[in-house]
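Please keep the sequence and the model side by side as you go through them.

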Amino acid sequence: MHAWEAIQKTIEIIESRLGEEITIEELSENAALSVFYYQRLFSKLVKRPVREYIKLRRLARACEALKNTENRILDIALEYGFGSHEAFTRAFKETYGITPSEYKENIIDLRNFDKPDLLLKYTTVDLGIPLISDGFVLEMNKVALESPINFAGTKRYASIAGLFPNGEVTGVDELGEVWRSFVEIENTIPSKKDGRKIGVAYHDNAAPEGYFPYFVGKEVDEILEDFENWALPAGKYLVCRFEAENFEELVSVALNKAFNFTRKWQNEKGLKMGTFGAEIYYKDTEGTEAGYAYMETWALWLE
């Protein structure tokens, strides 16, 4: 068994028992490692100490429970291993910058520490070969775009420190707030029928230090003066196509994994890439409730 497989085994145990008492001794035994070496290896691979990781995953699960207005904060706190309302509130605010009661009164998008999928860190697939991992499927391909694709929508600046690396930072989801503002104007944009949607982070000399512009838009036939515009330029792209079990997983955990896997793939192949990363949402043609069935990340492939 590889070292990462032993750690992944304990990650699965933690995830299945977030509402229970979990000891490091028990986890290290399952990994067939000493307590000292287990904690050292876990921190190296997961980038968080074991206890902190368990706390972050419990808070992620608690966030979902808080969305149900009938659930009492104290009951949620006790269910996920926090000894009191005060302890839960303190941990929640330290992690997200707001209290559970503030979140419950005004549900906003939050970034959680994702459950790691270490297989993706230690596996590389060839172009066109699907990789199945932890409930979703991804596939890397090379795509040539003959002409630009125009999008119209909205743009905001987001903090680099508050968003990267993907799936490993917590707090208010700034990109989710951009999507919320886009939804408010979406129906006023004369887009193409069954057109794609895009979210793209790119370089902009006008961005304040430590920030980057993030654009959200719909595919259009031409530049629209009343909206922010962005064009996906012609060129060759490394495209990661992926699907997940549901739409919420698709736009959060799966998206983070796809970006991280793509970056790893680029580095291992020694590729030179462009200065933007785009996520493209494809309309569902089968009429499922999600509306958008799968996504792709696009990175400009410079040769």
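1. Ala201 lies in strand β6, residues 197-201, where a strand is a DSSP run of E with at least two residues and a helix is a run of H or I with at least four, both numbered from the N terminus. Ala201 and Tyr214 are 13 residues apart along the chain, and their C-alpha atoms are separated by 4.6 Å. If neighbours within four places in sequence are left aside, Ala201 is in contact (heavy atoms within 4.5 Å) with Phe212, Pro213, Tyr214, Thr275, Phe276 and Gly277.

2. A word on the source of these values: this is a predicted model, in which local features need pLDDT of at least 70 and side-chain atom pairs count only at pLDDT 80 or more, whereas totals for chains, interfaces and linings use all residues. Residues are numbered from 1 along each chain as its sequence is written, and side-chain values use heavy atoms, with hydrogens and water left out.

3. Leaving aside neighbours within four places in sequence, Glu219 is in contact with Ile149, Asn150, Phe151, Ser191, Lys192, Gly195 and Arg196. Val220, not counting residues up to four places away in sequence, touches Asn150, Phe151, Ala152, Ile189, Pro190, Ser191 and Lys192. From C-alpha to C-alpha, Val220 and Lys192 are 5.2 Å apart in space, although 28 residues apart in sequence.

4. Helix α1 covers residues 3-16, and its 14 residues should span 20 Å at 1.5 Å a residue, which agrees with the 21 Å between its end C-alpha atoms; the expected span is 1.5 Å times one less than the number of residues. The buried residues in α1 are Trp4, Ala6, Ile7, Gln8, Thr10, Ile11, Ile13, Ile14 and Glu15, and these buried residues pack against α2 (24-30), α3 (35-46) and α4 (50-66).

5. The loop between α2 and α3 holds Ala32 and also Leu33. Phi of Ala32 is near 60°, a positive value in a residue other than glycine, and this deserves a second look because most residues other than glycine have a negative phi. Ala32 is exposed, with a relative accessible area of 66%, whereas Leu33 is partly exposed, at 24%. Apart from neighbours within four places in sequence, Leu33 is in contact with Ile7, Ser28, Tyr38 and Leu41.

6. Lys47, in the loop between α3 and α4, also has a positive phi, near 70°, and is a residue other than glycine. Its relative accessible area of 45% makes Lys47 partly exposed.

7. Helix α6, residues 85-96, has 12 residues and reaches 16 Å from its first C-alpha to its last, close to the 16 Å expected at 1.5 Å a residue. Its buried residues are Phe88, Thr89, Ala91, Phe92, Thr95 and Tyr96, and what covers them includes α4, α5 (73-79), α7 (100-105), β1 (110-111) and β5 (171-172). After α6 comes Gly97, whose phi is positive, near 85°.

8. Which residues lie nearest the centre of the second largest pocket? They are Lys121, Asn166, Glu168, Asn256 and Asn260, out of a lining of 20 residues, and helix α9, residues 247-269, gives the most to that lining, with 7 residues. By class, the lining has 6 nonpolar, 5 polar and 9 charged residues.

9. Finally, the cysteines: the structure holds 0 disulfides, a disulfide being a pair of cysteine sulfur atoms within 2.5 Å. Cys63 counts as buried at 2% relative accessibility, and Cys240 counts as buried at 0%.

Terms used: Buried < 20%, exposed > 50% of the residue type's maximum accessible area, 1.4 Å probe, protein only. 1 Å grid on protein atoms, 1.4 Å probe; cavity = no way out; pocket = protein on both sides within 12 Å on 5 of 7 lines; lining within 4 Å. Nonpolar A, V, L, I, M, F, W, Y, C, P; charged D, E, K, R; others polar.
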